[in-house]
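Subject: Structure handover

Hello,

Here is the structure I promised to pass on. Please open it first, then read my notes below with the model beside you.

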Amino acid sequence: MDKYLTIIVATLVITSCGDNHHKADDPLADSGRTQRTENLLKNLKQLGDSGVYLFGHQDAPLYGVGWEGDEDRSDIKSVCNDHPALVSFELGGMEKGDSVNLDGISFERIRQAAIRHYDQGGMVSLSWTIPEGIKLVEQVNHVANFLNTLETPYGVKVPVMLRFRKGQTVEGWRMIAGQFKEKEVTNVLYAYSFEADSTDIDEAKYIEQYPGDDIIDLMGLDYYCVAPDGDTTKVSSFATQLDKNLDVVCAVAKKHQKAIALTETGYERIKTKDWWSKTLAPVLAKHPISYVLVGRNANDRPGYYFAPYPGHQSYADFVRFYNDKKTLFLHDINGLYLKK
C-alpha cells in the first residue's frame, strides 16, 4: 500500500550528556495551552479540509478479543498490521479517587498507554462519564492532576482531546474548564458532542448545552448502529440517519469555525461483513471530519466488540477500509503536533 500523509517534516534533536537528559522545549502558545496542543487542533482542521480522517479505537492498546496486556498489540494491528491513528480512554471513576475506571482499567495503565501512543506519533482522546451534578472542586481536581501527569520523560505534555459523555450543562462545562485552568492544565482540547438516537436532530437541539466558542475546540456526534441480526434495512437506515446528523453537525461547526469528528460510533459485533466499506465509509466521505472513533473490544464480555479481529467476518472488508486513501492509521501520520 502506498499511502502516507506527511503533515509536516521536521527534526527534533534531543541531546543527552552522561545520565543527565535535557528537557525538550515545550513552549506555551498565546492561548495558554502548549504550542503542540494548538498545533494538533490546527492540523485536525486541516485533515477535515483535506478530505481524510484519522481512524480511532477505544482502549485499543490495552486489550482485545481474547487477550489483555500484550505490549505493542491491538486487534486493529492483528488485522492490518497497523495501529489506529487515534486511541481513546475513559476517565469515569477518577473523580471519586478510584484507581480504575468504569470498565475496571487501571488509570496508571491508561497514562502509560497514552504517553506511548503520543511517542509513536498518534493522537489521544479521553472521554469522561461525569456523574450528574458534579460540582465539588476536589472531584474535578482528581482529573486535572491526572492530565498534568501525561508527560513524557523529556518533559513534554501529551496533548489530548477531552469529551464529556452523557452530556454536561453549560454551567458544568464552564466550571470544569475554569478549574482546569486554575490547576494549570495546558494540554487539553475540548470536544462538544451530541449523543444521537434514530430521530432527526436540528441545530437548536444540537447546541442546547453548548458552553461557548471560548471553551470548545471541536464539535462531534456520538451515534451507533443498532441493527439486530444484521438487519440490512436497519443498517441502511443508520447510514441515512448518520448522514443527516452529520449534515447538522457540520453546518453548526462551520458557523463556529470548529473542527469536526464522529466522536463515537460503531456496530456491536459488526453483523454485516461489508459494514466498513459499504455503510460507514461512504457516509464519512461526504463530510469534513477529522477523525472517527469506534467503541472498544472488550476482553471480558463475549460478543461486545466494535472493531474486527482475526477470523471475524468483516476482516477482509476492514482491510479494504484500511486501504481507502481517506482513512489514516498510525503509519500514515507524521507531525500532528508540529507547526506548518
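Start with helix 8, residues 275–284. Seven of its ten residues are buried, so helix 8 is largely enclosed by the rest of the structure. Buried means under 20% relative accessible area; exposed means over 50%, and partly exposed lies in between (1.4 Å probe, protein chains only). Helices (H or I, at least four residues) and strands (E, at least two) are DSSP runs, numbered from the N terminus.

Two notes on the source. This is a predicted model, where local features need pLDDT of at least 70 and side-chain atom pairs count only at pLDDT 80 or more, while totals for chains, interfaces and linings use all residues. Residues are numbered from 1 along each chain as its sequence is written, and side-chain values use heavy atoms, with hydrogens and water left out.

**Helix 8**

Which residues of helix 8 are buried? They are W275, W276, T279, L280, A281, V283 and L284. These residues cover an arc of only 165 degrees around the axis, which puts them on the same side of helix 8. The arc is that of the directions from the helix axis to the C-beta atoms.

What do the buried residues of helix 8 pack against? Four strands are listed by name: strand 3 (53–58), strand 10 (218–225), strand 11 (259–267) and strand 12 (291–294). Helix 7 (232–256) and helix 9 are partners too. Contact here means heavy atoms within 4.5 Å.

**Strand 6**

Now find strand 6, residues 86–90. Five of its five residues are buried, so strand 6 is largely enclosed by the rest of the structure. Both faces are covered. L86, S88 and E90 are buried on one side, V87 and F89 on the other.

Strand 6 pairs with strand 3 in the parallel sense, over three bridges. Two strands pair if DSSP finds at least two bridges between them. Q58 has S88 of strand 6 as its bridge partner. Strand 6 also runs parallel to strand 7 (residues 123–129), joined to it by five bridges. There, S88 stands opposite S125 in strand 7.

How does the chain get from strand 6 to strand 7? It crosses through helix 3 (residues 107–119), and this β-α-β crossover is right-handed. To check the hand, point the strands away from you: the path from the first strand over the helix to the second runs clockwise in a right-handed crossover.

**Aromatic pairs**

The structure holds 24 aromatic pairs. Rings of Phe, Tyr and Trp (its six-membered ring) pair if their centres lie within 6.5 Å; planes under 30 degrees apart count as stacked, over 60 as edge-to-face and the rest as tilted.

Take F55 and F321. Their ring centres are 5.7 Å apart and their planes are at 75 degrees, so the pair is edge-to-face. F55 lies in strand 3 and F321 in helix 9, so the pair ties together parts that are 266 residues apart in sequence. F55 is buried, at 0% relative accessibility. F321 is buried as well, at 1%.

Y224 and F306 make another pair. Their centres are 5.3 Å apart and their planes at 65 degrees, so this pair is edge-to-face. Y224 sits in strand 10, while F306 sits in the loop between strand 12 and helix 9, 82 residues apart. Y224 is partly exposed at 25%; F306 is buried at 5%.

Ring pairs also build a cluster. Its members include F55, F321, W275 and W276.

**Salt bridges**

There are 17 salt bridges in the structure. A salt bridge is a side-chain nitrogen of Lys or Arg within 4 Å of a carboxyl oxygen of Asp or Glu.

D26 and R36 form one, with their closest N and O atoms 3.0 Å apart. D26 is in the loop between strand 2 (20–21) and helix 1 (35–50), and R36 is in helix 1, ten residues apart. Are these two buried or exposed? D26 is buried at 18% relative accessibility, and R36 is buried at 12%.

K77 and D72 form another, at 2.8 Å from N to O. K77 is partly exposed at 25%. D72 is partly exposed at 38%.

R320 and D317 meet at 3.3 Å, N to O. They are three residues apart in helix 9 (residues 315–323), so about one helical turn separates them. D317 is buried at 1%. Elsewhere, salt bridges that share partners join R163, R165, D222 and E264 into one network.

Best wishes
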